[in-house]
Amino acid sequence: MSTLLSVRNLETWYGPVRALHGVSLEVHAAQIVTVLGANGAGKTTLLNTIAGVLAPSNGTVEYEGRPIGGMDADEVSRSGLVLVPEGRQIFPFLTVAENLRMGAFARRDAQVAQDIEQIYDWFPRLKERHRQQAGLLSGGEQQMAAIGRALMARPKLLLLDEPSLGLSPLFTKDIFAIIKRIREQTKTAVLVVEQNAAIALATADHGFVIELGRVAAAGSCEALSQREDIREFYLGGASHHLPQVAAGGIRPSRRRSSWH
Ligand SMILES: Nc1ncnc2c1ncn2[C@@H]1O[C@H](COP(=O)(O)OP(=O)(O)OP(=O)(O)O)[C@@H](O)[C@H]1O
Ligand SMILES: [Mg+2]
């Protein structure tokens with residue numbers, strides 16, 4: 001498996017506040033990798049630093065073997081690493097179809113129309129509503145539009161920050177099923193931050209758990225799903241007492257109802 005993204009000892013500060021304390025992770029070609037963690041753990045900071053929205057003060061980000069550390073977000077996205085930020089950020093006054101075309105702004109090839117049809121095949125709801133103003137779509141449909149727009153750039157690596165935010169479990173399942181289908185069909189790698197640990201671990205190949213800006217656990221999703229501490233804090237495990245912090249284990253963290 002070839003390494004597509006390699007993050008080493010990444011440190012990011014907001015003024016005097018250090019949000020990332022030396023995070024390392026890898027994404028291989030065509031792999032789906034999930035990042036789990038409590039509110040404020042540093043997940044968004046991590047994705048934004050990888051995508052060039054934030055500048056790290058230490059550490060390296062290599063994409064396809066090239067350092068992309070100092071690049072700005074636009075340059076990073078042109079190189080094939082495309083971020084769908086937290087909270088979607090579609091163009092609300094443009095139609096769905098216009099939003100999708102905006103995603104292809106950097107492309108000079110003749111296959112844009114064909115790719116839009118492919119997006120409609122993955123997201124039939126977007127086809128039904130292609131003439132509608134994107135700001136009038138439901139939350140889940142806006143998330144589909146945001147992912148569709150990112151795919152129009154033909155990314156090799158798609159970074160998704162909480163695609164299920166505000167969505168019902170059923171809609172979340174749909175989105176993850178489509179992410180999986182897209183990976184099967186296009187071999188696009190996906191790095192996805194997700195609060196719904198059950199669906200993320202069931203979909204992804206590999207996972208990283210971030211706690212207070214550090215990687216607290218990493219492994220195959222199968223192995224992570226079986227760990228007692230992960231089951232307890234991220235999968236709403238059966239036992240109700242809070243165990244002592246195991247060495248190198250997961251700390252008790254604020255729970256969110258969406259983990260249950
Ligand atoms: N613009 C900012 N200025 C100052 N501190 C920030 C800023 N953005 C985030 N932080 C802090 O950095 C830490 C990590 O925040 P981040 O948004 O990366 O967390 P997160 O894991 O994405 O959380 P959530 O699950 O709530 O989205 C938090 O302590 C947060 O308060
Ligand atoms: Mg976040």
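Me: What does helix H1 give to the shell around ligand 1?
Reply: Helix H1, which spans residues 43-50, gives the most to that shell, with three residues; a helix is a DSSP run of H or I with at least four residues and a strand a run of E with at least two, both numbered from the N terminus. This is a predicted model, in which local features need pLDDT of at least 70 and side-chain atom pairs count only at pLDDT 80 or more, while totals for chains, interfaces and linings use all residues. Residues are numbered from 1 along each chain as its sequence is written, chains are lettered from A and ligands numbered from 1 in the order in which they are written, and side-chain values use heavy atoms, with hydrogens and water left out.

Me: Which residues come nearest to ligand 1, and how does the shell divide?
Reply: There are 13 residues around ligand 1, and those that come nearest are Gly 40, Lys 43, Thr 44, Thr 45 and Glu 86; a residue is near if one of its heavy atoms lies within 4 Å. The shell is made up of four nonpolar, six polar and three charged residues.

Me: What makes the pair formed by ligand 1 and Gly 40 a polar contact?
Reply: An oxygen atom of ligand 1 lies 2.8 Å from a polar backbone atom of Gly 40, and because a polar contact is a pair of N or O atoms within 3.5 Å, this pair qualifies. A polar backbone atom of Ala 41 is 3.2 Å from an oxygen atom of the ligand, and for Asn 39 a side-chain N or O atom is 3.1 Å from one. The protein covers 59% of the 640 Å² of accessible area that ligand 1 has on its own.

Me: Which residues are the protein donors of the magnesium ion, ligand 2?
Reply: They are Thr 44, through OG1, and Glu 86, through OE, lying 1.9 to 2.8 Å from the ion. The pair links distant parts of the chain, since Thr 44 is in helix H1 and Glu 86, 42 residues apart from it, is in the loop between strand S6 (81-84) and helix H3 (96-102).

Me: How do you know whether Glu 141 and Leu 224 are buried or exposed?
Reply: Glu 141, in helix H6 (residues 139-151), has 5% relative accessibility and therefore counts as buried. Leaving out residues up to four places away in sequence, Glu 141 touches Arg 125, Leu 126, Arg 129 and Phe 171, where contact means heavy atoms within 4.5 Å. Leu 224, in helix H9 (residues 221-226), is at 1% and so also counts as buried; beyond neighbours within four places in sequence, the contacts of Leu 224 include Leu 201, Phe 208 and Ile 230.

Me: What is the phi of Lys 187, and why is Lys 187 called buried or exposed?
Reply: Phi of Lys 187 is near 65 degrees, a positive value in a residue other than glycine. Most residues other than glycine have a negative phi. Lys 187 lies in the loop between helix H7 (169-186) and strand S8 (189-193), and its relative accessible area is 53%, so Lys 187 is exposed.

Definitions and conventions. Polar contact = N/O pair within 3.5 Å; in protein donor to acceptor, adjacent residues only side chain to side chain. Areas by Shrake-Rupley, 256 points an atom, 1.4 Å probe, with all protein chains shown as cover. Nonpolar A, V, L, I, M, F, W, Y, C, P; charged D, E, K, R; others polar. Donors = N, O, S within 2.8 Å, 3.2 Å for Na, K, Ca; no water. Buried < 20%, exposed > 50% of the residue type's maximum accessible area, 1.4 Å probe, protein only.
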